[in-house]
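User: I am new to this structure and would like a close look at a single part of it. Please take me through the sheet and what surrounds it.

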Amino acid sequence: MRIASWNVNSIRTRLEQLTSWLVRAAPDVVCMQETKVEDGSFPEAALSEVGYRSVVFGQKSYNGVAIATRFGLSVDDVKKGLDGDEQDVARRMLAATIEGIRVINVYVPNGQAVGTPAFAYKLAWLERLRSELDARYRPDQEIVICGDFNVAPEAIDVAEPKKWEGQVLFHPDERAALGRLMEWGLVDAFRACHPAKEAYSWWDYRMGAFRRNKGLRIDLALVTRPLAARCTDVSIDTRPRELQRPSDHAPVVVELADGAAPPGAAPAA
């Protein structure tokens with residue numbers, strides 16, 4: 001199975017790029033963030049034309065998450081939002097059990113600036129995600145949490161770490177919150193496959209950041225150890241970032257070897 005994650009930064013703006021990529025890359029599952037569209041306006045028909053059905057949790061103009069799966073794959077126990085979310089909360093989390101694997105798609109808040117209420121909200125959101133893992137899941141299940149985390153885990157994940165140290169996306173408090181999430185029993189799949197590789201998934205639109213490869217790896221796939229045992233590779237496909245009017249993020253693709261999910265791997269949502 002191939003599970004991908006991509007912050008598309010407006011699915012309607014990037015729809016042709018997305019469908020072309022799905023045809024070329026052929027993932028079994030793609031988790032999308034920043035779809036920026038209400039559920040009734042999500043372009044399900046366009047994805048269906050290239051062989052995918054969609055589960056969506058969106059809102060107008062901002063945020064929004066979706067999971068598209070190849071026709072024929074089982075999709076069960078869909079859950080929209082974190083436990084305790086208010087009805088009108090930003091749409092940032094969507095989970096489903098796909099062929100026995102619990103796939104949790106997240107768009108972690110950006111945080112805007114250190115010391116602001118938005119930054120505090122980001123840290124609290126990551127703590128709430130950790131609490132949800134404690135309440136609903138076990139580390140011995142096959143689980144992947146993927147998406148735009150808006151946090152680069154280590155200095156190797158930042159092209160200019162001295163410049164970014166102490167800033168949003170690479171602040172010690174953010175990295176500590178991400179670390180507490182991972183302490184539950186999660187492995188950074190990319191880093192497990194590529195311990196010393198310098199690679200990035202996001203580049204600012206400004207100052208020629210992509211051309212100069214001045215990026216950050218903030219799009220992650222965190223997997224439990226049973227699922228990590230099935231990982232054969234994790235790659236970042238930078239080709240969509242080379243296009244005209246691209247998303248500022250590139251897709252991350254996790255390759256999984258065949259394997260049977262352990263009993264209980266599809267908890268009820």
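Analyst: What follows describes the sheet, then the helix across it, and then the nonpolar core. The model is a predicted one. Its open sheet is built from 6 strands in the order S3-S4-S2-S1-S12-S11, and the pairing among them is mixed. At the edges stand strand S3, residues 52–57, and strand S11, residues 231–236, each of which pairs on one side only. Neighbouring strands of this sheet are turned against each other by 15 degrees on average, direction ignored. Strands of a sheet pair through backbone hydrogen bonds, either parallel or antiparallel. In the case of S3 and strand S4 (residues 65–70), the two run antiparallel and are joined by 6 bridges, and within this part Arg53 stands opposite Thr69 in S4.

Helix H1, which covers residues 15–25, lies across strand S1 (2–7), strand S2 (29–33), S3 and strand S12 (252–256), and the helix runs at about 160 degrees to S1.

The largest nonpolar core has 35 residues, and those touching the most other members are Val29, Ile67, Ile98, Val103 and Val144. If neighbours within four places in sequence are left aside, Val103 is in contact with Ile3, Cys31, Ile67, Leu94, Ala95, Ala96, Ile98 and Val144. Apart from this core lies another, of 33 residues, which includes Met93, Leu129, Leu133 and Leu222.

Methods: Residues numbered from 1 in each chain as written. Predicted model: local features only at pLDDT ≥ 70, side-chain atom pairs only at ≥ 80, totals over all residues. Heavy atoms only, no water. Pairing = 2+ DSSP bridges. Helix = DSSP H or I, 4+ residues; strand = E, 2+ residues; numbered from the N terminus. Axes fitted to C-alpha atoms, helices over the stretch in contact; angles between N-to-C directions. Contact = heavy atoms within 4.5 Å. Core = buried A, V, L, I, M, F, W, Y, C linked by side-chain atoms within 4.5 Å. Buried < 20%, exposed > 50% of the residue type's maximum accessible area, 1.4 Å probe, protein only.
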